[in-house]
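Student: I am new to this structure. Please show it to me, and then let me ask about the terms.

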Amino acid sequence: MKPIVEARELVKQYPGTPEPAVRGVSFTIRQGEIFGLLGPNGAGKTTTISMLSCLLEPTSGSASVAGFDLLRQPAEVKKRIGLVPQDIALYPTLSARDNLAFFGRMYGLRGTDLRRRVDRALEIVGLSDRANDAIEEFSGGMKRRANLAAGLLHKPEVLFLDEPTVGVDPQSRNFIFENVRALNREGVTILYTTHYMEEAERLCDRVAIIDEGRIIALDTPQGLIDSLGGSIIYLGLPAQPDGSFVEQIQGLPEVKRALYKDDRFEITVRRIQQALVEVIAVFNRADMPITSLKIMEPNLETVFLLLTGKQLRD
Ligand SMILES: Nc1ncnc2c1ncn2[C@@H]1O[C@H](COP(=O)(O)OP(=O)(O)OP(=O)(O)O)[C@@H](O)[C@H]1O
Ligand SMILES: [Mg+2]
């Protein structure tokens, strides 16, 4: 599929900060894709999205959207993108409808076209019956949905969604998910940032994992998970085992890799249940006590943990 967003070595250093917030980020989003940017607080997701939506000038690097250069043709870029910012960007005292009408006029919409688009956007996010209520009377999840509607008014080719589900209940989250999928089915390409790995796993065709301003992995969710090679068993030992013990573990049929470090075994295995039986049997035969046991299932959280040594979530 053809590329619609191309980021090339984007760097952003905020004035007065010692380190860049984004340190050379490159990726390509294909037309029609839901592309995820997954990373912890402060990773540089919002900074990246802000550069791609012409809100923030990169310190260096370049990018294009639908073939238009971010720096040289910002007006063309802005016409084709919708941004749903992380912080709710709505006027609390105005009604949902008036807020959307305001945004629509900013996008250059007028008259019946504007009214029709506002109604349609409200309908998409399920707020038609609350259209005339002030935003300040909305629940958190409803505000998020109204925020999402504001990004849809001008039928963007590419929609940037910056953590659209933070602070919403599971029902609103599912609703937002359905909206995102439906828009995508209608042909909208989506860049979706999140620090929830389940969201990235469920929703995205491909995911870039970002940490400390750098992309550290990029693949389909399944590809990232497969790169782990299986589940991981962590076993704590009271003392360093001898070489033959390590070899016995390494030689087990279900074991792919066994490493001894930091007073524990890190054992990558194929089928977790069979592997546990095999491993525990070796420990029993050698009369080796186990001081701790932890199993990590292969998921994006584990990928992140192995790449960075950190938890994705606090
Ligand atoms: N206006 C600013 N001035 C100075 N530093 C900033 C500014 N905005 C962000 N930063 C810093 O840049 C880094 C990246 O921030 P950014 O908001 O892009 O992260 P994020 O991945 O969106 O995090 P979160 O998940 O918390 O939204 C952080 O260290 C942050 O403190
Ligand atoms: Mg952010």
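Tutor: Here are the questions and answers on helices, domains and the ligand.

Tutor: This is a predicted model, where local features need pLDDT of at least 70, side-chain atom pairs count only at pLDDT 80 or more, and totals for chains, interfaces and linings use all residues. Residues are numbered from 1 along each chain as its sequence is written, while chains are lettered from A and ligands numbered from 1 in the order in which they are written.

Student: Why are α3 and α5 called roughly parallel?

Tutor: Helix α3 (residues 96–106) and helix α5 (residues 140–150) pack at about 30 degrees, with axes 9 Å apart. Angles run from 0 to 180 degrees between N-to-C directions. Angles under 35 degrees count as roughly parallel, over 145 as roughly antiparallel, 65 to 115 as roughly perpendicular and the rest as oblique. Therefore α3 and α5 are roughly parallel.

Student: What makes α5 and α6 roughly parallel?

Tutor: The axes of α5 and helix α6 (residues 170–185) cross at roughly 15 degrees and come within 10 Å. α5 and α6 are therefore roughly parallel too. Their crossing is right-handed.

Student: Why are α3 and α4 called oblique?

Tutor: The axes of α3 and helix α4 (residues 111–124) cross at roughly 125 degrees, within 10 Å. So α3 and α4 are oblique to each other.

Student: How does the span of α10 compare with the expected one?

Tutor: Helix α10 (residues 272–285) has 14 residues and reaches 20 Å from first C-alpha to last, close to the 20 Å expected at 1.5 Å a residue. The expected span is 1.5 Å times one less than the number of residues. After α10 comes D287, with a positive phi near 55 degrees.

Student: Where are the domains?

Tutor: The domain assignment gives domain 1 (3–225) and domain 2 (229–297). Their C-alpha centres lie 44 Å apart.

Student: Which residues are closest to ligand 1?

Tutor: Y14, A21, K45, T46 and T47 are the closest of the 13 residues around ligand 1. A residue is near a molecule if its C-beta atom, placed from the backbone, lies within 6 Å of it.

How values were computed: Domains from an automatic or database assignment. Helix = DSSP H or I, 4+ residues; strand = E, 2+ residues; numbered from the N terminus. Left-handed = near helix turned anticlockwise from the far one by under 90°.
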